Amino acid sequence: MASMLVSSSEQYSGKSSLCLGLGVLLKERGYKVGYMKPIGNLLIDVNGSLADEDAQGIRKLLGLQDDMSSITPILLTENLTDDALMGVEKGLDSRLKEAYEKVSKGRDVVLLEGAGGIGGGAMYNLSDPEVATKLDTKILLITRYDSAQAVDRILCDLRIIQNTEILAGMILNEVSPDKLEQVSHLVVPFLEKKGIKVFGVIPEDHMLRSVSVAEIVEDLNAEVLVGASHMEDLVEHYLVGAMEVGSAIKYFRRMPNAAVITGGDRSDIQMAAIEAKVKCLVLTGNLRPSGAVLGSAEEANIPVILVRGDTMSTIEKMENLIGHARIKQEVKIKRIVELIKEYVDVDGLITEMGLGK
Amino acid sequence: MLDKLFDPDVIAVIGASRTEGKVGHAVLKNLLQGAGHKVIPINPNVTEILGLKCYADVLDVPEKIDLAVIVVPAAAVPSAMEKCGQAHISYVVVISAGFKEASLEGARLEREITAIAGKYGIRMVGPNCLGIIDTSSSLNASFAASMAFPGNIAMMSQSGAICTVTLDWADRTGVGFSKFISLGNKADLAENDFLELFRKDDSTAVIAAYLEGVKDGPRFMDVARNVTREKPVIIVKSGRTAVGSRAVSSHTGTLAGSDAAYTAAFRQSGVIRADSLEEMLDYSRAFSTYPLPRGKKVAILTNAGGLGILTADACHSIGLSITSFEEETITKLRQKLPEAAGLYNPVDVLGDAGPQLYEHALEVLLADPNVDGIIVLVSPQAMTDVPAIAKSLIKIIKTSDKPILCNLAGGTRIAAGEELLNKHSIPNYPSSERAVASLKALCDYSSIKVKEHTAPVTIPVNREAAQKIIDDAIASGRRTLGLESMGLLKAYGIPVVRSRMAGNLPEAIAVCEEIGYPVVMKIISPDISHKTDVGGIKLNLRNAEDVERAYLTMMSDVKHYMPNAHITGVQVQQMVTGGKEVIIGMDRDPQFGPLLMFGLGGVYVEFLKDVSFAVAPINDKEAQHMIASIKTYPLIAGVRGETPSDIKAMIDTLLKVSQLVMDFPFLTEFEINPLMVMPEGKGCLAMDVRMTLRKE
């Protein structure tokens with residue numbers, strides 16, 4: 001059976017998306033695909049028991065029947081951390097191996113997702129390279145390429161991995177269009193010269209960083225005033241409406257896939273946002289807009305949501321939300337698969353994993 | 001069109017009430033005071049109101065109903081509207097409130113009744129309005145406290161309260177109206193429909209309006225252009241300031257559009273803009289009363305030196321000229337006026353002047369061909385017989401073919417004179433400044449009436465090339481275009497500076513050598529709008545060393561100030577000197593569409609805000625007007641012996657930009673900044689451009 005552990009030096013580099021996209025693609029090619037996120041760090045409550053949020057999502061999206069306890073055998077709870085610090089032996093290695101055996105059963109390939117950063121879990125001797133060694137699998141590194149400093153990070157990751165034999169290769173993710181040329185002409189040859197195989201260079205994609213209006217409503221604990229039928233519309237950016245109305249409309253028109261945050265009493269800014277056909281209006285300070293404005297928003301199919309907090313705290317929350325989106329929508333999964341098909345050497349990966357023979 | 005709305009034979013009042021103090025009662029009562037139409041109350045709960053047989057439903061009425069006035073609560077309006085449709089009623093006035101102005105639920109109801117009206121082809125006034133009045137057909141379908149006097153002013157207002165205020169004011173001053181329309185929420189019929197109606201309406205000579213916005217800007221301009229050639233249109237548009245426009249948005253759920261756009265659109269279509277309700281009424285009364293002056297030459301007639309001087313100041317500062325008289329005029333004045341009298345302009349008949357002196361002076365002044373209009377001032381001295389003077393004024397004003405505007409100045413002692421004027425429908429302006437402003441409005445309209453609106457000439461351009469540049473940008477997901485899209489200007493025949501692009505330092509040096517030193521280097525990035533602020537422009541580079549230093553510092557500065565900016569490279573331009581920098585821009589106004597802007601460029605432009613606006617498309621006259629109306633125009637035209645700039649080239653560029661923004665509605669923002677204008681005959685060169693595309 002083949003397997004691969006997807007690891008990254010930082011959180012929010014695209015591990016889950018890559019696992020999901022590869023999983024879908026491998027299934028399409030007729031392979032029986034299993035998935036694990038051995039160490040869960042994003043704890044949520046699923047029907048009374050704890051689980052990892054990403055793993056739970058991917059299990060659903062890949063249509064897997066495995067128990068959550070097999071997909072994520074180890075959850076980073078406070079107890080576990082305290083025990084590890086006190087040196088209590090919890091038998092984590094055997095839990096890991098048992099779960100892996102269960103998930104592997106009847107499968108052609110198992111994709112494993114690392115926990116957070118590459119060195120995460122080191123205090124339990126379960127950093128990504130350690131897990132890979134224990135399960136005798138290889139690592140596929142994925143890194144966001146935001147600037148040339150990403151190359152530094154990759155070389156550091158290499159030192160953490162120590163035994164470069166277990167590194168299958170890497171993928172450079174979210175490369176901005178103006179850096180694509182530099183990456184393909186300079187960065188990729190540089191890395192390959194260092195013995196790192198680059199399986200793909202994926203350009204950035206705003207849609208994947210987007211969040212749905214429903215997610216915003218949930219995260220901001222907002223009240224939906226109009227537009228309940230547009231909760232699945234995707235928001236790629238947020239803009240703050242604090243300027244005079246003449247500038248506001250220009251600013252909003254440049255980024256129509258945005259949510260506009262403004263005070264509930266700024267009816268001029270609200271109308272400018274509606275005129276510019278933005279994706280969502282987030283009104284702050286618990287100030288209700290006039291019926292006339294709401295009527296126009298409804299007519300233009302723009303959801304208006306109301307939050308209690310002030311504009312500043314709402315901005316902070318939006319800042320955290322956009323770009324850290326979880327993959328939930330069908331359109332996003334489709335886009336991920338398209339991107340992987342177009343920009344990743346899937347055949348090369350299949351060969352590397354020893355599949356297909 | 002709309003004839004039966006104002007002159008219906010049969011009117012139904014849906015929601016008529018027996019209870020005094022209710023709107024449904026007031027409307028019925030007002031209608032009954034009219035003549036020439038049958039009024040039918042509709043109310044399912046009673047059989048008779050004010051002696052009229054009451055029906056439960058419009059469908060029960062045997063006669064064909066021409067107009068229904070709806071006063072039932074908002075929630076009941078959709079079903080009332082539906083029944084009007086079934087009863088084949090063509091016109092409906094919805095007085096009921098509680099629609100978009102009130103709540104979200106109200107906004108939904110408004111959409112619903114508008115859809116029902118659309119389905120049956122019903123034309124609707126309102127909702128949320130006071131109603132309509134037509135004095136010539138004796139129709140008062142409103143809940144106003146009084147009927148308007150007959151007159152030649154047609155008034156429409158987006159605010160019901162301003163209707164009642166105006167009617168009450170008119171009641172005291174005796175001003176009459178032909179039609180009076182409360183527009184309400186303008187869900188269907190709006191200012192454009194009524195402007196067209198007023199144009200054709202024989203009883204209307206003057207059109208006045210209070211508006212918070214227009215429903216369809218481009219159509220408004222078309223309609224107003226035609227109307228203002230025949231009748232003066234005076235509009236007071238509220239929401240001029242940021243706070244005002246916020247209140248408009250909150251009140252109406254519309255985006256008012258910029259005040260600059262309204263000012264430009266009004267000017268271009270010949271609408272006279274009043275700044276206040278008072279001004280609107282002042283001007284309307286002037287138009288309603290006086291013939292139009294042939295020119296701007298004013299005579300002032302006064303019995304007090306101080307008032308005369310103040311009036312002369314007011315005339316001069318507003319652009320009216322204080323005329324010089326013919327010799328004969330002065331001779332004739334001298335014959336009857338006291339020795340101490342002022343014989344030149346202002347003519348001062350002195351404090352003890354009686355009606356005969358005023359009459360004599362007025363007759364002499366009217367005969368002078370150098371006098372186009374007269375301002376008469378009367379101050380109440382102990383020996384001044386104000387009513388007698390008023391009578392003399394009335395006699396002369398009634399027969400004069402030149403406007404004579406009066407300011408009986410004071411309070412108690414001029415009241416009787418003022419009343420006499422009012423009785424003869426002649427306004428007494430409470431201050432000479434207001435009289436002067438009204439005379440100016442009359443003068444302005446004289447030139448508006450004869451203004452020709454010629455359509456802009458279509459300039460031959462390479463539209464396909466421009467289309468390709470825009471299509472390519474859209475296809476590659478680019479929304480802001482900069483230097484790299486100068487080709488768009490070239491396609492429209494706008495001269496651009498010689499330039500080349502470079503992706504890295506060696507390329508940059510190569511293209512500099514090719515263009516020839518000295519050169520200018522600019523950063524190319526869709527994210528950077530103010531290149532100077534981030535060190536993205538380097539001027540006067542003289543050799544390869546300069547270029548290398550400039551390139552490296554530019555890249556490092558830009559990365560420092562805007563670390564997330566996407567940089568595509570640099571553009572190298574030939575260094576151009578000896579011209580003046582101007583800006584040509586365009587913003588798409590929510591109401592009027594492409595609003596062109598022209599201004600002097602350079603570093604002070606943002607501070608001076610010395611710019612002019614016009615709604616595209618423009619013709620050459622409007623382009624010329626844009627250029628000439630900035631305050632710093634003398635700098636372009638050449639001061640102190642300086643060669644004037646090439647104004648023809650600027651006009652040409654403005655016309656091409658006008659055509660470009662009309663051809664490509666995808667362009668939402670556009671700016672050539674700077675356009676380097678060379679001395680007369682030497683042309684101009686676009687040095688930089690920035691555009692924003694809309695993505696649908």
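**Notebook: the interface of chain B and chain A**

I looked up the salt bridges first (side-chain nitrogen of Lys or Arg within 4 Å of a carboxyl oxygen of Asp or Glu), and the count between chain B and chain A is 6. One of the salt bridges I noted joins the side chains of A:K250 and B:D587, at 3.2 Å, N to O.

The model is predicted: local features need pLDDT of at least 70, side-chain atom pairs count only at pLDDT 80 or more, and totals for chains, interfaces and linings use all residues. Residues are numbered from 1 along each chain as its sequence is written, chains are lettered from A in the order in which they are written, and side-chain values use heavy atoms, with hydrogens and water left out.

Next I checked contact (heavy atoms within 4.5 Å): 29 residues of chain B touch 29 residues of chain A. For buried area (accessible area, 1.4 Å probe, that two parts lose on being put together, summed over both), I found about 2,300 Å² between the two chains, 53% of it on carbon and sulfur atoms. B:L104, B:R246 and B:L255 supply 24% of the area that chain B buries against chain A, more than any other three residues.

I then took the elements (DSSP runs: helices H or I, at least four residues; strands E, at least two). On the side of chain B that touches chain A, α4 (104-120), α8 (242-252), β25 (580-589) and β28 (667-677) each supply at least two residues. The largest share, 7 residues, comes from α8(B).
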